Amino acid sequence: MNLYKAVRLLTARVLLVFLPATVTWAAETHLIPLTELRQRTVSASEERQASLSKLDRFFSTGAARQALQTVKLDGRQVQQAISLLSSEELARLASRADRIQADLAAGALSNQELTYIVIALATAVLVLIIVKAR
């Protein structure tokens, strides 16, 4: 048993000598520099704001307001609900809104198709908010 205790003691001493160096090395390699963290935060915030602006512009157009009125949805409520979405959901909806506006500008969509699309987007926003609230 003495040999067993001696080996344990020796192992503990070796670990105490080498462990602080290992911890220091691991901490240095895994920490994100503060400037990079700040830059990522600012970038994410700017992307979120850009998506919010795109969706606000989309739902503020006359055709979108008309489509929302057709199904008796309040555009202000939809726009308030949009701000509650996650950044990923905002980016997805903003991308869809961009495609819809491009198709509309190119004349590829009729008013009826636009109405259906706006209703679908508004419904998607409301469903995402309801699911998120649970």
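**Exercise 1. Classify I32 by its accessibility and place I32 in the chain.**

Solution. Step 1: the classes are buried (under 20% relative accessible area), exposed (over 50%) and partly exposed (in between), with a 1.4 Å probe and protein chains only. Step 2: I32 has 42% relative accessibility, so I32 counts as partly exposed. Step 3: I32 is found in the loop between α1 (2-30) and α2. Helices here are DSSP runs of H or I with at least four residues, strands are runs of E with at least two, and both are numbered from the N terminus. Step 4: together with L34 and L37, I32 forms a nonpolar patch on the surface, with about 300 Å² of accessible area. Such areas come from the Shrake-Rupley method with a 1.4 Å probe, and for residues only the protein chains shown count as cover. A patch takes residues with over 30% relative accessible area and no salt bridge; like charges are joined within 9 Å, nonpolar side chains (Val, Leu, Ile, Met, Phe, Trp, Tyr) within 5 Å.

The model is predicted: local features need pLDDT of at least 70, side-chain atom pairs count only at pLDDT 80 or more, and totals for chains, interfaces and linings use all residues. Residues are numbered from 1 along each chain as its sequence is written, and side-chain values use heavy atoms, with hydrogens and water left out.

**Exercise 2. Describe the protein chain as a whole: its helices and strands, and its buried share.**

Solution. Step 1: the protein chain has 6 helices and 0 strands. Step 2: along the sequence the pattern is α-α-α-α-α-α. Step 3: of its 134 residues, 20% count as buried. Step 4: the accessible surface is about 10,000 Å², and 60% of this belongs to carbon and sulfur atoms. Step 5: a contact means heavy atoms within 4.5 Å. Among contacts with a separation of 6 or more, 74% are between residues 24 or more positions apart.

**Exercise 3. Find the salt bridges and say where their partners lie.**

Solution. Step 1: the rule asks for a side-chain nitrogen of Lys or Arg within 4 Å of a carboxyl oxygen of Asp or Glu. Step 2: the count comes to 2 salt bridges.

Step 1: R40 and E36 form a salt bridge at 2.5 Å, N to O. Both residues lie in helix α2, 4 residues apart, about one turn of the helix. An α-helix has 3.6 residues a turn, so residues three or four places apart point the same way. R40, at 48% relative accessibility, counts as partly exposed, and E36, at 28%, also counts as partly exposed.

Step 2: K54 forms a salt bridge with D98, with the closest N and O atoms 3.1 Å apart. This pair links distant parts of the chain, since K54 is in helix α2 and D98 in helix α5, 44 residues apart. K54 is partly exposed at 29% relative accessibility, and D98 is partly exposed with a relative accessible area of 31%.

**Exercise 4. Check the span of helix α6, then name its packing partners.**

Solution. Step 1: the expected span is 1.5 Å times one less than the number of residues. Step 2: for the 23 residues of α6 (residues 111-133) this gives 33 Å, and the end C-alpha atoms are 33 Å apart, which agrees. Step 3: the buried residues of α6 include L114, V118 and V125. Step 4: the buried residues of α6 pack against α2 (34-60), α3 (62-70), α4 (75-82) and α5 (87-105).

**Exercise 5. Describe the largest nonpolar core and the contacts of V118.**

Solution. Step 1: a nonpolar core is a set of buried Ala, Val, Leu, Ile, Met, Phe, Trp, Tyr and Cys residues joined through side-chain atoms within 4.5 Å. Step 2: the largest core has 23 residues, of which L55, F58, F59, I82, V118 and V125 touch the most other members. Step 3: two or more residues come from each of α2, α3, α4, α5 and α6. The largest share, 6 residues, is from α6. Step 4: leaving aside neighbours within four places in sequence, V118 is in contact with F58, F59, A64, A67 and L68.
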